[in-house]
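Hi everyone, thanks for coming. Let me put the structure up on the screen, and then we can walk through a few spots together.

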Amino acid sequence: MEPILEIPIIARGRVIMPGDDAVQFRGRGGADFRQADPHKHIHDLVLGDTAKLRDLHDTPMLEIIDLFVELGKRLRLDDNELLQQSFALALKAGGLAEPILRGVYDALPHMFERGMMTGLVDKTIGLDYIDGWVPGSGPYGNVSIRAVGTRQLHITAGNVPVVAAMTVARAGLTKSDILIKSPSNDPLTANAIARTLIDLAPDHPVTKHIAVAYWKGGDEIMDSQIVRTSRIDKITTWGGMSSVRHIQKFLQPGIDLTALNPKYSMSMIGRDTFASEAAMDEAAIGLATLAGFYNQTACANTRLVYVESDTDDASLERVAELGRRMVAAYELLPPLLSVPFTAPNRELEAEMAAVALEDDFYHVEGDTLNGGFVVSKFNDRVEFFDKLNNRVVNFVPVQNLTDVLKWCDDTTQTVGIYPESIRPRILDAFALAGIQRLVSLAGGDPMTVYANSHHMPPGSPHDGIEPMRRSVRWVVDMRPADQGAALEIAAE
């Protein structure tokens with residue numbers, strides 16, 4: 001029998017291994033583990049006294065970036081035993097196949113490159129504002145503004161392990177104290193990164209302001225003890241709606257919640273796509289890439305495809321042919337993006353089988369192992385659209401792409417489009433409706449499509465907001481103005 005993995009609590013530079021008080025937790029996929037009882041270490045996990053943030057507050061940002069650059073060099077999967085252990089556990093507990101997960105871990109060092117770190121803080125907050133007081137100009141020179149670090153709780157998601165690295169980076173770059181509640185499907189990545197940081201620089205202020213632990217979602221004792229204005233200023237939750245609603249019960253004035261709640265993504269296909277075989281093939285490769293990368297476990301994955309099409313038999317057959325080409329294109333995706341599933345999704349297959357019987361309303365092809373699709377024969381999506389997974393999408397015919405606006409809100413994240421000629425007529429309308437990112441399906445090559453949908457400048461908005469900017473406290477220092485400046489301002 002394989003021994004139960006022991007995971008430490010990370011408490012601001014200290015590694016607290018499971019002892020006599022250890023608790024065994026059930027991870028997903030049978031990935032059980034033991035950890036010191038978090039109920040007995042609440043005071044190790046929270047900071048409390050804001051004066052203890054002064055060491056990080058006074059650390060120059062360039063020094064913090066230097067630290068992260070060195071950290072990135074140590075986050076190579078081939079060299080880091082802690083990450084290797086984390087990788088093995090995430091492989092059991094998460095939903096990503098080995099080549100995809102390996103690609104995700106191989107990306108970790110690049111997340112901490114100097115240009116990435118510098119751009120991330122400068123574009124969202126401003127290096128001058130995080131390092132010191134920035135005075136106004138002209139008659140407002142007596143007024144200075146500074147971005148100040150805060151005490152943060154991050155309830156992270158485990159569908160893609162880069163969330164752990166992103167969370168650690170954002171904490172350091174905002175000069176904030178952070179407590180990370182790890183997810184059950186990735187309980188070790190943030191832990192491994194924090195321990196690597198301890199090995200690298202045990203006494204650095206960034207290291208001294210990172211805590212990592214796991215406790216069960218919905219644990220009211222833990223949450224009621226941690227979510228207090230005396231201990232926490234900001235909360236970021238990546239969890240599902242149930243976890244967001246749970247944590248909201250403990251909110252009170254003085255605690256700011258940023259909810260990176262689940263998002264749904266889609267693609268839109270214009271009529272001109274069907275004008276040529278080449279256009280259909282290009283669109284199919286784009287759809288396969290956006291639906292298939294990370295095996296459709298990410299919020300940015302296409303699950304619904306709205307197609308400008310009539311609903312007569314000939315038109316719907318063209319839509320079905322696009323679906324067949326998409327499924328065929330799944331085989332073109334490199335293993336680091338997507339692979340066939342080894343086990344079927346029984347719940348989704350039951351839904352597909354049920355609507356297949358309603359052949360006046362739906363057309364179904366494929367399965368949850370190699371991918372498939374459902375064509376709606378009328379202008380509406382399937383009732384189980386929120387369960388679409390395993391590289392299965394729903395094609396929905398619409399007379400005009402603007403008809404899709406009624407299905408868009410602030411839960412609509414990434415929208416793929418084809419051909420590019422439709423962009424001018426939909427961009428502003430869909431931006432107002434709530435979408436957060438518009439990307440292209442063009443390119444004809446999976447890696448090109450993937451890069452064009454992910455290659456954003458450091459500091460780009462995330463889910464329609466700037467999380468780092470919200471994570472700091474903006475403080476204004478108003479000193480007496482000289483008489484002339486005061487009169488000038490009053491005259492305005």
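Here is a question to start: does Gln 225 count as buried, exposed or partly exposed, and at what relative accessibility? Gln 225 counts as partly exposed, because its relative accessibility is 26%; buried means under 20% relative accessible area, exposed over 50%, and partly exposed in between, with a 1.4 Å probe and protein chains only.

A quick word on the background. This is a predicted model, where local features need pLDDT of at least 70, side-chain atom pairs count only at pLDDT 80 or more, and totals for chains, interfaces and linings use all residues. Residues are numbered from 1 along each chain as its sequence is written, and side-chain values use heavy atoms, leaving out hydrogens and water.

Back to Gln 225: leaving aside residues up to four places away in sequence, Gln 225 touches Ile 42 and Arg 231, where contact means heavy atoms within 4.5 Å. Its C-alpha atom is separated by 9.2 Å from that of His 39, 186 residues apart along the chain.

Now for the rings. Rings of Phe, Tyr and Trp (its six-membered ring) pair if their centres lie within 6.5 Å, with planes under 30 degrees apart counting as stacked, over 60 as edge-to-face and the rest as tilted. By this rule there are 14 aromatic pairs. In one of them, Phe 33 and Tyr 214 have ring centres 5.3 Å apart and planes at 80 degrees, so the pair is edge-to-face. Both Phe 33 and Tyr 214 are buried. Together with Phe 25, Phe 33 and Tyr 214 form one aromatic cluster.
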